[in-house]
Amino acid sequence: MCIIYITRFSLVMTSMLTSTRTSSQSEYLKYLFGDERMNIKFKLFESITLPSIVNQFDLKNVYWIICISDKLPERHLSRLNNLIKSYNFIKTVTFKDNENINDKIISTKLFQAYKNKIKATIRLDDDDGLLRTHTQNVRKYIQLRYLGHILGFQAGISYSYNLHKCERVHFPYVAAVGCCYYSLEKTIFDCIGHTHYQNNYKCIVDKAHISWIISDSTISDSQRNKDEKQFKYTKSIDLINKYFPHINLK
């Protein structure tokens with residue numbers, strides 16, 4: 001058995017109509033890999049995402065696959081490689097435009113090395129983070145009876161990069177961040193529509209505990225920051241430090 005985190009690091013997804021999509025592919029790529037956006041992306045990755053995984057209490061048979069685009073400029077690729085080079089359990093996998101994440105991951109040597117064994121695969125965006133006990137919580141359900149189940153968490157904290165404040169969040173559905181799928185042959189990215197997981201899959205849901213932190217900034221694909229009514233951001237980052245002392249947010 002093993003645990004595999006999967007992170008999409010600025011993948012080129014021109015087939016998706018996101019808030020960052022512009023009128024042409026060249027403009028989209030210029031925005032996606034522009035220094036202004038990538039500098040914010042790296043700051044969030046370095047301060048939240050990376051420390052939230054490398055500081056997990058339990059890293060036995062834990063791996064982290066970072067999905068990168070074959071169009072990622074060399075300066076950004078070098079910066080990423082320098083950040084992760086000290087951690088043998090972190091691997092990068094290169095993707096072509098719109099390449100299927102599930103299919104590519106299951107074809108890797110890492111995934112095939114655990115053939116016919118339970119794999120717990122986890123979604124984690126490149127600007128979000130998790131509690132230090134996340135792998136421990138995931139490992140509780142690595143059992144045959146939970147094959148085909150999704151483990152999800154509804155409560156967390158949203159952090160506004162621009163305001164440097166945060167807010168408690170509780171979604172009525174399983175949040176994408178940190179959700180885990182137990183399978184022998186598929187990954188969490190084969191499970192479509194995270195807001196409808198509870199309607200389409202057997203789910204184990206943690207409704208109460210703050211389990212994750214999501215980042216909100218001017219470069220967020222979801223553009224949560226433009227919805228002023230969604231999160232008020234009235235709390236200081238002391239709230240984050242309380243639950244996530246292992247990350248480097250200052």
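I looked up Thr 187 and found it in the loop between strand E8 (180–183) and helix H7 (197–200). Helices (H or I, at least four residues) and strands (E, at least two) are DSSP runs, numbered from the N terminus. Thr 187 counts as buried because its relative accessibility is 0%. I take buried as under 20% relative accessible area, exposed as over 50% and partly exposed as in between, with a 1.4 Å probe and protein chains only. Leaving out residues up to four places away in sequence, Thr 187 touches Ile 6, Asn 102, Ile 105, Ile 106, Phe 111, Thr 121 and Tyr 181; contact means heavy atoms within 4.5 Å.

On provenance, I note that this is a predicted model, where local features need pLDDT of at least 70, side-chain atom pairs count only at pLDDT 80 or more, and totals for chains, interfaces and linings use all residues. Residues are numbered from 1 along each chain as its sequence is written, and side-chain values use heavy atoms, with hydrogens and water left out.

Next I checked Gly 152, which lies in strand E6 (residues 149–160). Gly 152 is buried, at 0% relative accessibility. Its contacts beyond four places in sequence are Val 174, Cys 179, Ile 204, Val 205 and Asp 206. I also read the C-alpha to C-alpha distance from Gly 152 to Tyr 197: 9.0 Å, at 45 residues apart in sequence.

Last, the cysteines. I found zero disulfides, a disulfide being a pair of cysteine sulfur atoms within 2.5 Å. Cys 67 is buried at 0% relative accessibility. Cys 203 is in no disulfide either, with the nearest cysteine sulfur, that of Cys 191, 8.8 Å away. Cys 203 is partly exposed, at 25%.
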